[in-house]
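These are my notes on a structure I went through by topic. I began with charged pairs, then went on to pockets, packing and the backbone.

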Amino acid sequence: MGPGLFSDIGKKAKDLLTKDYISDQKLSISTYSDTGVALTSTAVKKGGLSTGDVGALYKYKNTLIDVKVDTGSNILTTLTLTDIVPSTKTIASLKFPDYSSGRLETQYFHHHATFTTAVALKQCPAVDLSITLGTPTFALGAEASYETATSKLTKYTAGISVTKPDSCAAIILGDKGDTIKASYIHHMDALKTTAATGEITRRFSTNENTFTVGGSYAVDCLTIVKLKLNNHGSLGAVLQHEVIPKSLLTISSEFDTKALDKTPKFGVALALKP
């Protein structure tokens, strides 16, 4: 019931403009065992490169274990513990054989504040901190990254959001104050499958403005269409259809309306679930 994490500020509008806009071919198949283990196999083809991975997800009480093995012989393990200390969540991740990519994150939730800290598991780690104050309706927050090797702040960002049952507005000042982004999303139905959004970003160092509008429309209970267009002429479209219960087919395309001779981006994904 609190203000949420800092990463939630502006997330709804961002997801509507970016999520499911893919440019590769992807197939994922999920199954569930009698012991409660969720297994997911994924194959991805992007350009001339094909990759794949197999993941296992197991939840026991307040513990969540996620293990993923890919075709590059990498093993990513994520352990999530909830309420070790009341109102907290701890997330530890480690990738083999790249041990330096390990990360430990702690999140604390309160009715009027959230706090997160994340530390890379290496000799000279980067430390990420964020804090958000407010309520589910109004939130004000900031985040920063500190590099212990150079004793410098490498990132600092501030944001504010106002959320209502059918809409959300947010302003984020990022890139060390070089960019400001304002976004607004409005849901047209109770299920929040039909929505419209707008986002404007200004980069002060280059005096560049980017304005993007987009939306989603539920054709029926099984099909959703998404569109987005920015002032640079980039037009994207997504068609998502539930072919069988819980299984989604997603087709996406994006092209430059100011350079129609260029080859458009095209992507398709099929996610099969029992």
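The model is a predicted one. I started with D128 and R103, whose side chains form a salt bridge with N and O 3.3 Å apart. I looked up where the two partners sit: D128 is in strand 9 (residues 126-134) and R103 in strand 7 (residues 103-109), so the bridge links distant parts of the chain, 25 residues apart. I noted D128 as partly exposed, at 22% relative accessibility. R103 also counts as partly exposed, at 32%.

I then ran the search over the whole structure and got 6 salt bridges. One of them joins K226 to D20, at 3.0 Å from N to O. This pair spans 206 residues: K226 belongs to strand 16 (residues 223-230), while D20 is in the loop between helix 1 (11-18) and strand 1 (25-32). I checked K226 for burial and found 11% relative accessibility; the cut-off for buried is under 20%, so K226 counts as buried.

Next I took D178, which bridges to R203 with the closest N and O atoms 3.1 Å apart. D178 lies in the loop between strand 12 (167-174) and strand 13 (179-187), and R203 lies in strand 14 (residues 195-203), 25 residues away. I recorded D178 as buried at 17% relative accessibility, and R203 as partly exposed at 32%. I also found that D175 joins D178 and R203 in a network of salt bridges.

I looked up the largest pocket and got a volume of about 580 Å³. Its lining has 30 residues, with F6, S7, E143, K155 and T157 nearest the centre. I sorted this lining by class and counted 8 nonpolar, 12 polar and 10 charged residues.

The second largest pocket holds about 440 Å³. I listed 17 lining residues for this second pocket, of which K26, S28, A269, L270 and A271 lie nearest its centre. Which strands each supply at least two residues of this lining? I found strand 1, strand 2 (38-46), strand 18 (247-256) and strand 19 (265-272). Strand 19 gives the most, with 4 residues. By class I have 6 nonpolar, 6 polar and 5 charged residues for the lining of the second largest pocket.

I looked for the largest nonpolar core and found 5 residues in it: A13, L16, C168, I185 and A195. I then asked what L16 is in contact with, leaving aside its neighbours within four places in sequence. The list is Y21, I185, A195, A196, T197, G215, S216 and K226. I185 and A195 on that list are core members too, and K226 is the residue I had already paired with D20.

I found a cis peptide bond between F96 and P97, with omega about 5 degrees. P97 is in the loop between strand 6 (88-96) and strand 7.

D20 came up again here, with a positive phi of about 75 degrees although it is not a glycine. N207 also has a positive phi without being a glycine, at about 55 degrees. I placed N207 in the loop between strand 14 and strand 15 (208-218). N207 is exposed, with a relative accessible area of 53%.

How values were computed. Residues are numbered from 1 along each chain as its sequence is written. This is a predicted model: local features need pLDDT of at least 70, side-chain atom pairs count only at pLDDT 80 or more; totals for chains, interfaces and linings use all residues. Side-chain values use heavy atoms; hydrogens and water are left out. A salt bridge is a side-chain nitrogen of Lys or Arg within 4 Å of a carboxyl oxygen of Asp or Glu. Buried means under 20% relative accessible area, exposed over 50%, partly exposed in between (1.4 Å probe, protein chains only). On a 1 Å grid over the protein atoms alone, a cavity is a set of points where a 1.4 Å probe fits but cannot get out, and a pocket is an open set with protein on both sides within 12 Å along at least five of seven lines; lining residues have an atom within 4 Å of a point. Grid points are joined across faces, edges and corners, and a volume is the space filled by probe spheres set on the points. Ala, Val, Leu, Ile, Met, Phe, Trp, Tyr, Cys and Pro count as nonpolar, Asp, Glu, Lys and Arg as charged, and the others, Gly among them, as polar. A nonpolar core is a set of buried Ala, Val, Leu, Ile, Met, Phe, Trp, Tyr and Cys residues joined through side-chain atoms within 4.5 Å. Contact means heavy atoms within 4.5 Å.
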